[in-house]
Every structure is written in C-alpha cells, then in structure tokens.
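Reader: I am new to this structure and would like to understand how its descriptions are reached. Could you show it to me and then take my questions in turn?

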Amino acid sequence: MVTTEVINIDTDILIIGGGAAGCFAAVEAKTREPEVRCMIMEKAHIDRSGCLAMGLNSINAYLHPGQTPESYLDYVKGEFMDVVREDLVLSIAEGLNDAVKRVEQWGLPIEKDDEGRYVPRGKRGIRVRGERLKPILAEAVRRSGAEVLNRVAATNLIVSEGRVVGAFGLGVRDGRFYVIRAKGVIVATGGASGVYKPANPGDGRHLIWYCPWNVGTGYAIGIRAGAEMTSFENRFVALRVKGVQAPTGTLALGAGARQVNARGEAYLDKYYKDHPIRSAATYFRLLATMLENAAGRGPCYLDLSHLDRGSREERRFKEDLLNMSPTMALMWAGRNGGDRRLEIAGSEPYVVGGHGEAGYWIDVSRRTTLPGLYAAGDVAGGAPKKYVSGSWVEGRIAAGTALEEIMGSVSTTDIDTGIVEAERGRVTAPLRRDSGVCPQDMEERLQGLMDEHAGGVSARYELSEERLLVARGLLARLRDDTESLRASGHHELVSAMEVVDRVDVARVVVEHLLHRKETRWPCSQSRLDYPERDDNRWLKFVNSVMDTGTGDIRLVERGLLE
Amino acid sequence: MITIDYDICNRCGDAREKRCERICPGNLITQKDEGWPVVRPREDCWACTACVKDCPVAAISLRLPPQIKRDAGASLKASVRGNKTLWTITDSRGKTEEFTLEAVRKSVSQKED
C-alpha cells in the first residue's frame, strides 16, 4: 500500500492547526478581507481537535477592573523570573478582554455577577461553561467563510528562495499527499506532548494533561526549515491530580482546596516565609511538593474535606470538573463517604508556549525568522501564561500581519517538482519498508531516554551535563533510526511522522537544557550541577537554529530587550 | 477509556462515516465488518469524551482504567440537549447523579435555530 495521489491546492493564507489561535486567525483574516482565500489545515476534525477537545471551565488570562496590561506583565515577569518578552506579553494583555468578549458573543457561557460583570476566579481568571468551546470556535470559522481542510497533518513547510510559500500535508485517513501553496503561512499547531515518558503506565498512558495528538509538529517543521526557536529549556511541568492529570486550579482556586502533606500540614506556608521563588506561585507550588516528598512527608494532597457532601459547593465543583476534566469527575464519583483528599504530583514535562514559553522566536507582529511564516498560540515562544485567551489574541495579530504582507506584491510561487517528490518520498517511505522499527517502539525509546537522562518524572526533573550528553548521543542514534521506520497503514504512517517530529523537538530541548548553565525555573529547568540562579550571566534567552544542511543545532543567546 | 455498548449502538444507520469516528480528535475510532465502530488500541484514548457527547443514542461511556482507579466501575455518559449538555455519572455501586449544564448561551443558540 503506497500512497500515490497528490492533491494540489492554492490559497492566500494557510493556517496550520485549527485550535484556539488558528480559529481566531481565520476569523480575523476573513473579517478584515472577505475576498482573501484562507484555509485551515487541521489534523483531526475542527469541531473537537487539540487542547480544547475536552472543554474549559476557566479562562485564566483576563484583566479585571483595576488591572492593566502593565500589571499583567509584572505578574508574568515575576512568575518567569524576568526572562519573558515584554513586548509580546504586553501585546497579548492589551487584547485579552476583547477576545473574550468576542467568544462570549459567539456563544460561550461566562459566569457574571448581578451587575453583569464577569465573576473573578482567582486573580486573573473567569469561570466559564466551556464544554462546547471548541464547537463554538469551529462554528465561528465556518460562518467566516474560511475553508477547513480536516484530517490533513502538516509534514513540512515548503520553502522557496528563503521564503515559506506553503506546506506539505498527509491525509491521515487516506494517505493522500497534499501540496498547498500559499502567500503567507500561519503556524498554530500547539506544542508537544509525548516527548517524555508518561507518568501513568499501561492503559493510562494517554491520560496526560496536554493533548496527546499535539506532538510538536509545528515546532518540528520550523526547526527543519531553519527557523529560530527560543526557550526550549523552559519545559512545562504541571502540578496535577495524580492518575488523571487534571488541573489543580479547579480544586484550589475554584473550590478552595488546601494543599497538604501526608501529615495534614499546609506546607506551602512553611516554605513561603523565606523561599527565594515564593513570588512565582506556579513553580513554587510544584517545588514545595517535590521538597515535601524528598523529605519523607509525601504523598501530598489537595484537601477538599471542607466541601460538604451533597452541598451546593460540591455540586458546583462537580460542574466545573465536567466542563473540563471528565476523568476527574469519575475519580471523584466513588468518593462519597471516605477520603476527600486528592493526591497530587508533577506531570511528565511538556513543551509549550502557552503555559510555558518554548516556541518560535517572533517579533511583536508574530513574524517568525522565516519570511512568509507567522506563529501564534502554544507554538509561539517568549510569552508564557497566555493560555487560551492569549492564543486568541496572537491568532488575530498574526492574521493581521500576514494580511498586510500578502496584500502587497506577494504572488503564489511555483514549486520545484524536485522538492515535492523528495518530500513525498520521505513521507511515504515507511509504507514501503518490509522490515524496520514500528513507530510505537520508537516513541517508547524516545520517551524512556528523555525520562531518564533529560529530567523526566523518574529523574524528579533533575538535570546534569553528563546525563544530557548521554541523551544527546542517544537522540542522534534515534534520529538515524527514523530512517528505518515502518508503517502498515495510514494511521501508523501518521504515528511514524509524529515520532520523527517528537525526536526533532527532543533534540532541541536537550541542546537548550545543556546550554543554560544555571537553575532558573525549578523542576522546569533544574540543573544539579548549576543549582543557583545566576542573573549576572543568564538574564537572557537561549535560542537555537538548526542548520538545514548538516542538521547541527547552533545555540544563540539573545538579550531581554533585543 | 471508552466503551461502546453494541446493544445500544445503531451504527448511525447507514452513514458512511459514524459520528464517533468523525469526532475523535485522535482518529482512534474506525469501522470493522458491517459498519460497527471499534476503538483502536484503547490505551491511546485521551478520555476527552468528544465521542461520548456526540453519540446520538448515548451508546458510549467513559471509564477510568483499573491502573488508575481500583474501583474502576464508575462511568460517565453525556448527551447534547439543544444548548445544554446532560451528564450522568454512575458510581461503582450503580448510584447515578445527573447534571444539565448550559453549554452554549441560549440567545446565540436560538439565533442559529
């Protein structure tokens, strides 16, 4: 079974990924310029794809009365130890409320007080009933007139004379090979899960926080095309309810849970008094939990014993779970009589630009370093804590920039048939091999080596030069071995492309981790050999570019205000 | 992970693409003989409940794998009721609890009708 059919499509703006950022980009482009052709390339079906498939119960980035873009920036800087792109964070903060208003108009139910103001959830959040948020966004895209190409996964960018002029895609059901030419390309695929070994074994291996089908393709296609990436050493490790990896904010912020150790002590206060990172709440809550475990006072819990059984508060809590974490609702279902505590632990590390800040190095207009390519959402770096509403803002900005640039002299470029055939050969090769490695085995090899040598769950997220060098060596061999991937059908062929993408992302992660010789973000980036934070040397970004000829990764340091 | 109850499933009549097959974000549901939907390796499921909600006859339920919860008997179902979603949680003793939650603002969903 070898794919042969080639589909050629021309469009003006191609958006890779129909999630939060991609949907907003499409609506923005079609609203501003209804005549412009705009197409979303989507790996799944846009109604329920990616991070938002489960729904959301909270929008974490919103400016309540009295808050300003500047106060939001101060918060993000504090949380990320000052290494953030101020221009990007400010541009996001300025657009948050307008984006939320728009989605409310599209149909998202948002909790309001008697005066019609959104009810705060935590300091910067609002409570939403977002079970159907993804279908609501998809409907807005359909109304806008943008085209949606469902079930096509990007395999590489098309680059001609230094400019991105489209993308190649693989039909995930039918194995068709797509050649999509565009005047401008917006990458909005989301970040990467599955680079590290999952915390759960067996049937639970995909009960992870981040969408298992966000495999880092958006990063990988940029890396392979020589785009500059930033902050891949800023891995995102989440403090989650053990087993189901459900967000803890719903419990702590939404239901008032206390974070306690095995002895029932509220341990955050103890560390809070004098710990140097106490102002960075997200890292601090996870680090304190790791320290309690290391001191023999684990496991740690979120204690909900104040929620009376059958009370209005408990019912509200369950509603929040259904809107975002159905597995948590099941976890809670059997607990009618007994334990009202939920064990918490760190997740496997992810690579994301929405909670963390790993991604494309972009300018404030969301241009990447490759002409013709723009980035928004989780795949865009330097602006952490943008979450879903910040991704909406970035999608709008990226679409505006792409529109301005293509309305000028840019025309569709003829694509050399040689590069089309080369890519088609690469993508379909696993179907032609009679023997070789299956994608699942290679994925487990990758996840195992990253877990052990690049600071996964079993290594308690800790890093050292020696182990990272081992990881580098194993990854080089693994990358060679991707040449022997074999697939027995289209579904497995997609898995083969996914593991290649994950390996390319992992290589960049390891090079970034090796380069930053300090400990800036606990658990996210904890160097055993450089345990201190060093502001004199490392108040800067670690960036990288892959040499498209040799495959070598070159590290670059960039100042905070470059 | 999800379970399809084949006593309830009607294969979406003779639809070429089944609803669960269409909506799964991981492309994990496919068809076997006579159009019955089947789940590819169940450990690939993210437990997002997209298929659970979209099944027009509520034939699909969500359970936690036994590796995660000893008491894996609890199950979850959901179905679309206009602008609301009806959820049913059944605990391991068979006791059920229902929730009917607004999922799309009413004014907007009426406009669309």
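**How the descriptions are reached**

Author: In this predicted model, strand E22 of chain A, residues 540-546, is mostly covered, since five of its seven residues are buried.

Reader: What makes E22(A) and E23(A) count as paired strands?

Author: Two strands pair if there are at least two bridges between them. E22(A) and strand E23 of chain A, residues 553-559, have seven bridges in the antiparallel sense, and therefore they count as paired. One of the partners is A:Arg554 in E23(A), which bridges to A:Val545. The hairpin of these strands has six residues between them, and there A:Gly551 takes a positive phi near 85 degrees.

Reader: Why is A:Ser347 called buried?

Author: A residue is buried if 20 or more other C-beta atoms lie within 10 Å of its own; A:Ser347 has 24 C-beta neighbours inside 10 Å, and therefore it counts as buried. A:Ser347 is placed in the loop between strands E17 (341-346) and E18 (359-360) of chain A.

Reader: Which residues are in contact with A:Ser347, leaving aside its neighbours within four places in sequence?

Author: Among them are A:Ala199, A:Trp209 and A:Val237. The C-alpha atoms of A:Ser347 and A:Val237 are separated by 5.6 Å, although these residues are 110 residues apart along the chain.

Methods
Residues numbered from 1 in each chain as written. Chains lettered and ligands numbered in written order. Predicted model: local features only at pLDDT ≥ 70, side-chain atom pairs only at ≥ 80, totals over all residues. Helix = DSSP H or I, 4+ residues; strand = E, 2+ residues; numbered from the N terminus. Buried ≥ 20, exposed ≤ 12 C-beta atoms within 10 Å, placed from the backbone. Contact = placed C-beta atoms within 7 Å.
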